[in-house]
Amino acid sequence: MPYVSTNPSNTSDVVAEIELGTSRTFVDAAQRAKAAQRAWARVPAPVRGQVIGNIGRLVEANFEPLAQLVTREIGKPIAEARGEVQEIVDTANFFVGEGRRLYGQTVPSEMADKQLFTFRNPVGVAAIITAGNFPVAVPSWYIIPALLCGNSVVWKPAEYSAASAQAFYDVFQAAGIPDGVFEIVFAEGSETFNGLEQALQNGLVDKVGFTGSSEVGVRIGELCGRHLQTPCLELGGKNPMVVTEDADLDLAVQGALFAGFGSAGQRCTSLGTAIVHESVYDEFLSRFVDAVAGAGVGDPTGDVLYGPLLDEKFALAYEKYLGWIGEHHTVHGPTGRITATNPRAGFAGENGFFYHPAIVSGVRADDELFLQETFGPIVGVMKYSDLDEAIELGNKPGYGLSCSIYTTDPNKAFRFRAGISAGMVSVNNSTSGAEAHLPFGGNGKSGNGSRQSGVWVLDQFTRWQSMNWDYSGKLQKAQMDTLAIEANLDFRLA
């Protein structure tokens, strides 16, 4: 079945035309990956690290064309697209050295003439399924460490970022990855799920990594659970930003602007609700509204805060979220699609999926707008009276990916960190922003506690194996043939 990927800034611009595969396509790719994995695992880890180094250098050599392609295909502002490509380079640079640090341990035995060891072994075949809002950075978080650890990979990217995915794949292939070790499959969701189910049933997939919606993540978790596998799930978020009474409000507004509306609010770490202390609520809201009113929205190749929504399906979903605005809310500024009859500062948004930024105040804790992820340029604002209440509100939606607090009081910062359920906490910074050597991931509806990035992701793509080596020449039984040293436990000082 053909699929046409278009530029969301100008839908008449066809970026790529691809043929979508079927469940059989996915299974065939998994079979090739399975056949190639053992030979790849036998390549010494430092040599696999050299391949990762090649990837980093090749991405640097193709930096600007890749960034420009990301901007053209998904509408991400060019500055953010360049940052995304840099994320691949940073990830590759980090994991080059890990090829020489896939450490196990030598452990002392309780018996003489015996040694104990631990080893990291590759899992096998990793099936990676990613969204298109970060079409090249997020895949690198999975694929680079998976390959480094000696796994083979079957990657299913989002259809609407097919051109970026193909370019990413081509750069990786040029780094010297053997045939079959890294496979790419283009397919729509139901065919991918059916293919994954068949591959798991046939023992062709040993680990699943998924970045996407919480709803689909639940289905993948259930499927993997039936095969006694634990997937790496990086899902949605409803990320709170708490602004305390002692916060630097100008800094908080900057953070809220970028977290809420950068990438048109289409990040899993985008700001969901600003929870503001009642004593500074009015002042924060006024400054935030002014900042958003002055922000540029439009052509993502220029200097704008954000460009279009990723694809038509996301525009349709965002229209539904706008329908959650109720009579008790106050909307600050125009909402909806930017058109000639609903322009923004003279910009008419012709031929693109451009939407006005929406600030909605008066949000309540039982609102859909507060409880559900809203993937788009909309931010709720609500009051709180004490920090415990703010923490409770931050946890209430049941997500647990990212959060932030703006405060000049260290006590508040650490109390917030201890009470909030999110996997990632920022102090005086936005809810968005990941570094390649820090663990990334969430809890609750945001994920199953698995982590990407840094050394922590190695636990996703390796399994610990222990070995004991007895060279005593006799059978020594643990807990039975151990040396006992007697002590006089009745001894007391006079």
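Me: Which strand gives the largest share of the lining of the second largest pocket?

Reply: That is β16, with 3 residues. Strands (E, at least two residues) and helices (H or I, at least four) are DSSP runs, numbered from the N terminus. Both β15 (402-406) and β16 (424-427) supply at least two residues of this lining. A pocket is found on a 1 Å grid over the protein atoms alone, as an open set of points with protein on both sides within 12 Å along at least five of seven lines, and lining residues have an atom within 4 Å of a point. Please keep in mind that this is a predicted model, where local features need pLDDT of at least 70 and side-chain atom pairs count only at pLDDT 80 or more, while totals for chains, interfaces and linings use all residues. Residues are numbered from 1 along each chain as its sequence is written, and side-chain values use heavy atoms, with hydrogens and water left out.

Me: How much space lies in the second largest pocket, and which residues are closest to its centre?

Reply: A volume is the space filled by probe spheres set on the grid points, which are joined across faces, edges and corners. Here it is about 350 Å³. The lining has 17 residues, and Met424, Val425, Ser426, Gly433 and Leu438 are the closest to the centre. By class, the lining has 7 nonpolar, 9 polar and 1 charged residues. Ala, Val, Leu, Ile, Met, Phe, Trp, Tyr, Cys and Pro count as nonpolar, Asp, Glu, Lys and Arg as charged, and the others, Gly among them, as polar.

Me: Now the helices. At roughly what angle do the axes of α2 and α4 cross?

Reply: Axes are lines fitted to C-alpha atoms, for helices over the stretch in contact, and angles run from 0 to 180 degrees between N-to-C directions. Helix α2 (residues 45-61) and α4 cross at roughly 155 degrees, their axes coming within 8 Å. The two are therefore roughly antiparallel; angles over 145 degrees count as such, under 35 as roughly parallel, 65 to 115 as roughly perpendicular and the rest as oblique. Their contact (heavy atoms within 4.5 Å) includes Gly49, Gly53 and Gly56 of α2 and Val85, Ile88 and Ala92 of α4.

Me: Is the angle between α3 and α4 oblique or roughly parallel?

Reply: The axes of α3 (residues 63-74) and α4 (residues 78-98) come within 8 Å and cross at roughly 125 degrees, so the pair is oblique. Among the residues that meet are Phe63, Leu66 and Val70 in α3 and Ile78, Val85 and Ile88 in α4. By class, this contact has 8 nonpolar, 3 polar and 3 charged residues.

Me: What about α9 and α10: at roughly what angle do they cross?

Reply: Helix α9 (residues 249-261) and helix α10 (residues 281-293) cross at roughly 50 degrees, with axes that come within 9 Å. That makes α9 oblique to α10. Their contact has 10 nonpolar, no polar and 3 charged residues.

Definitions and conventions:
1 Å grid on protein atoms, 1.4 Å probe; cavity = no way out; pocket = protein on both sides within 12 Å on 5 of 7 lines; lining within 4 Å.
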